[in-house]
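Dear colleague,

Please find the structure below, handed over for your records. My account of it comes directly after.

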Amino acid sequence: MDVSLYKYLLMLGDNSMILGHRLSELCGHGPNLETDIALTNISLDLFGQVRSLFQYAAKVKGGSATEDTIAFSRTEREILNVILVEQPNEDFAHVVGRQYLYDIYHFLLLEALVGSKDETIAAIANKSLKEVKYHKRFSGEWLKRLAGGTDESQQRMQAAIDHMYPFLDELFHVTEVEEEMRAQGVGADLSVIKAECYAIIDDHFRIAGLQVPEHPPRVSKGKYGIHTEKMGFILSELQFMQRSYPNMQW
Amino acid sequence: MVIGKPHIEEKFRSILEKVSDPEIPVLTVLDLGVVREVIATGKKVDIKITPTYSGCPAMDTIAADIAMAFEAAGYTTNIELILAPAWTTDWISSEGRSKLEAYGVAAPLSESQDKRALLDGERVLKCTLCGSTNTKMISQFGSTACKALFQCQDCLEPFDYFKCLK
């Protein structure tokens, strides 16, 4: 099998899978009914995109691999999401802040992947892009609304981006796999996306009346499978059924 | 291949017209435009369908319903899910649009009008009950992934809007 392509697909899928899981934790706990439904809708879109990516990854891997074995049977060290998406929900401002940063990155990444030489990746990216447009509208609007709301909501929004922003940098750290995929014309050029991503986000913060956080980027190794202590809790819930009843089917 | 025009053998249309969308039962799968290709070799039929949204939970049911309808007519099926070209709301038939409106779901606006309704809060969307354009967006995300929630400010009717997807 093409190990680099397989790993690249996991990297693309794992970010959305873990963020989708974090959002699913809010089902029934959103600040109001409409927001609750919106967040779980976004979660559903992300899981749908992950299914397409993992179905393709299963084909690349061959053997008995399926989308389910890839999602539910890998161990923590084999899961390659960045640390940003593991961050807990804390409050609605944290949910919005984490989502906004990921949405802008995700949108730019998908725009680049539409031109991938790999036809399946290009098709998945094209499909997902239409959905992510709605995600970034939602998170971008809420970020402005919270920042321009009461003193309390403004402080919370600022605190949330102060916390989340330093994790953004990891998305642009280029691993060997990503470099290889870029060179083959399959993957995206992260250095191009990086400049654009920071420009959009910093500009949006200024418009919203938020301070661009000055904290230096955090050094994190999620893309190499090294996670925070939060990851174990996420996986114990995400993989519970398959761990307890291996190979169960709905 | 002409993008947007599905390749469906004429004799199979009557079978597909009996299969409805599980979440919007007034629409058939043909109205929705998710069936992209139906080609038969003897009694074996190859069918290609495409999802509306990636995470649409109705897709598995739609595939199963199509398979059942064809089996009832004496065929065996091979159903493939394809992602390209990606589905767009432009593929909803004009008949489908009228059925949606009659059902109480506002049909998708053009891309630019959709943006004005969802982003700028402009009152361009007509209430499905009384026809007033004095309507307000309640949430960009509605009861399913493909819909947003609106309310009429005149007759107070809350209603779904099928979002434009391009």
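Predicted model: local features only at pLDDT ≥ 70, side-chain atom pairs only at ≥ 80, totals over all residues.

Residues are numbered from 1 along each chain as its sequence is written, and chains are lettered from A and ligands numbered from 1 in the order in which they are written.

**Chain B as a whole**

Chain B contains five helices and eight strands; these are DSSP runs, helices being H or I of at least four residues and strands E of at least two, numbered from the N terminus. Along the sequence their order is β-α-α-β-β-α-β-α-β-α-β-β-β. A box of roughly 55 × 30 × 25 Å along the principal axes holds the C-alpha atoms of chain B. Chain B has 166 residues, of which 42% are buried (20 or more other C-beta atoms within 10 Å of the residue's own, with C-beta atoms placed from the backbone). Among the contacts of chain B with a separation of 6 or more, 52% link residues 24 or more positions apart; a contact means that the C-beta atoms of two residues, placed from the backbone, lie within 7 Å.

Towards chain A, 16 residues of chain B are in contact with 20 residues of chain A. The chain B side of this contact consists of 11 nonpolar, four polar and one charged residues (nonpolar: Ala, Val, Leu, Ile, Met, Phe, Trp, Tyr, Cys and Pro; charged: Asp, Glu, Lys and Arg; polar: the others, Gly among them).

**Domains of chain B**

Chain B is divided into domain 1 (7-91) and domain 2 (104-162), with bounds that come from an automatic or database domain assignment. Seven residues from domain 1 of chain B and six residues from domain 2 of chain B make up the contact between them. On the domain 1 side, three residues are nonpolar, three polar and one charged. The C-alpha centres of the two domains of chain B are 28 Å apart.

**The two sheets of chain B**

One open sheet has four strands in the order β1-β2-β3-β4 (chain B), with mixed pairing; strands pair if DSSP finds at least two bridges between them. At its edges stand β1 (7-8) and β4 (76-81) of chain B, each with a single partner strand, so one side of each has no neighbour in the sheet. β1(B) runs parallel to β2 (residues 35-41) of chain B, joined by two bridges, and B:Ile8 is opposite B:Val38 in β2(B). Helix α3 (residues 59-72) of chain B lies across β3 (44-49) and β4 of chain B, at about 160° to β4(B).

The other open sheet, also mixed, has four strands in the order β5-β8-β7-β6 (chain B). Its edge strands are β5 (105-106) and β6 (135-139) of chain B, each pairing on one side only. Four bridges pair β6(B) with β7 (residues 147-152) of chain B in the antiparallel sense, and B:Met137 has B:Phe150 in β7(B) as its bridge partner.

**A helix pair in chain A**

Helices α1 (residues 3-24) and α7 (residues 176-183) of chain A pack at about 110°, their axes 9 Å apart (axes are lines fitted to C-alpha atoms, for helices over the stretch in contact, and angles run from 0 to 180 degrees between N-to-C directions). α1(A) and α7(A) are therefore roughly perpendicular, a term for angles of 65 to 115 degrees. A:Ser4, A:Lys7, A:Tyr8 and A:Met11 in α1(A) meet A:Val177, A:Glu178, A:Glu180 and A:Met181 in α7(A). These residues divide into four nonpolar, one polar and three charged.

With kind regards

Methods
Buried ≥ 20, exposed ≤ 12 C-beta atoms within 10 Å, placed from the backbone. Parallel < 35°, antiparallel > 145°, perpendicular 65-115°, else oblique.
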